[in-house]
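Okay, thanks for making time, everyone. Let me put the model up on the screen and then walk you through a few spots in it.

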Amino acid sequence: MTNPQELLHSRYGEKPFQTQESDWNHILTTLLSHRSIRSYSLNLLPHGILELIIASAQSAANSSNLQTWSVVAVEDKQRKEELSKLAGNQAHIRQCPLFLVWLADLARLAHIAESQGFSGDGLEYLEMFVMATVDATLAAQNAVVAAESLGLGTVYIGGIRNHPEEVAAILNLPTSVFAVFGLCVGYPNPEVETVIKPRLPQSAVLHRETYSLAVQEEALSHYDEIMKAFYQQQQMNVAGDWSEHSAKRVATSQSLSGRDRLREALNNLGFKLR
Ligand SMILES: Cc1cc2nc3c(=O)[nH]c(=O)nc-3n(C[C@H](O)[C@H](O)[C@H](O)COP(=O)(O)O)c2cc1C
């Protein structure tokens with residue numbers, strides 16, 4: 001599907017705004033075609049593709065060019081198996097040929113500070129953790145777009161944060177390095193159909209000049225209708241509508257799959273978060 005109007009229709013689950021054909025390009029087609037892939041073919045990635053994906057990731061903007069992120073490429077079956085178990089036993093981690101673990105990495109800066117004769121106290125602050133997490137995320141999303149432009153499929157794995165210390169041990173991460181999320185990469189299984197998942201109407205996310213929660217009510221109930229139909233159409237096992245589903249996701253600390261102890265885990269990994 002490369003028709004702009006069709007892509008936009010799928011992205012919002014309804015007839016979208018009009019766009020000029022002349023404003024469209026193949027990058028927009030890649031971006032608007034995104035869908036997470038959770039079933040992969042057996043084909044391995046051709047030689048050089050990983051490096052191309054990482055060069056794209058490194059091309060993202062990053063805070064003050066400090067480059068406070070790294071990535072571990074995992075292809076070993078046993079290691080993927082172990083990571084899958086730690087991330088809620090997600091089968092696609094075992095199945096994908098390449099599993100990338102994106103890291104907020106303050107170890108490199110700490111090392112540089114020390115070798116330059118500085119204490120590196122600035123690294124102890126929450127700001128630096130946020131910076132490293134933002135940088136890792138921007139890099140990863142560039143990697144996703146690059147992979148998708150090459151016909152590959154991906155799915156992010158936040159489940160990697162269920163057991164941060166164990167993940168760090170498996171990947172041999174030094175102190176001050178945290179696995180923010182994983183990313184499965186591989187060629188989509190051609191036998192499994194995937195679809196574009198509708199997003200919130202723009203009236204919920206796009207605010208002009210100032211923010212308003214009140215104006216979002218209508219957009220939210222409209223989106224609930226669209227998603228209810230989507231869940232049924234896709235035979236997804238989701239009770240109720242998007243609002244109900246999302247509210248349950250944050251209802252209690254137990255809904256966080258163990259991630260309610262993230263601050264403690266980060267402290268254990270060397271992040272003081274002052
Ligand atoms: C940071 C992050 C973590 C995610 N973690 C998981 C995960 O652990 N398992 C999974 O199957 N999907 C995961 N996803 C995928 C989302 O569920 C998916 O992007 C979302 O439902 C929208 O669907 P789409 O990507 O097909 O448009 C994650 C996505 C992001 C951005």
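**Starting from T154**

So, T154: leaving out residues up to four places away in sequence, it touches R35, S36, I37, Y40, V144, A147, E148, L183, C184 and V185, where contact means heavy atoms within 4.5 Å. Before I go on, the ground rules: this is a predicted model, so local features need pLDDT of at least 70 and side-chain atom pairs count only at pLDDT 80 or more, while totals for chains, interfaces and linings use all residues. Numbering runs from 1 along each chain as its sequence is written, and side-chain values use heavy atoms, with hydrogens and water left out.

Back to T154, which sits in strand β3, residues 153-157. Helices here (H or I, at least four residues) and strands (E, at least two) are DSSP runs, numbered from the N terminus. Is T154 buried or exposed? Buried, at a relative accessible area of 1%. For the cut-offs, buried is under 20% relative accessible area, exposed is over 50%, and partly exposed is in between, with a 1.4 Å probe and protein chains only.

Next, D105, in strand β2. D105 is buried too, with a relative accessible area of 8%. Its side chain reaches the backbone nitrogen of R108 at 3.4 Å. Setting aside neighbours within four places in sequence, D105 contacts T68, W69, S70, A132, S176 and V177.

Now helix α6, residues 107-115, where the buried residues are A107, L109 and A113. Look down the axis of α6 and those buried residues fall within an arc of 160°, so they line one face of the helix; the arc is taken from the directions from the helix axis to the C-beta atoms. H111 and S115, on the other side of α6, are exposed. And what covers the buried residues? Among the elements doing that are β2 (98-105), α7 (126-149) and β4 (177-186). After α6 comes G117, with a positive phi near 85°.

On to the packing. In soluble globular proteins, nonpolar side chains tend to be buried together. The largest nonpolar core here has 56 residues, and F99, W102 and V185 have the most contacts inside it. By nonpolar core I mean a set of buried Ala, Val, Leu, Ile, Met, Phe, Trp, Tyr and Cys residues joined through side-chain atoms within 4.5 Å. α7 gives the most to this core, with ten residues. Apart from it lies another core of six residues, including L8, Y12, L32 and I196.

Technical notes:
A polar contact is a pair of N or O atoms within 3.5 Å; within protein, one must be able to donate a hydrogen and the other to accept it, and residues adjacent in sequence count only if both atoms are side-chain atoms.
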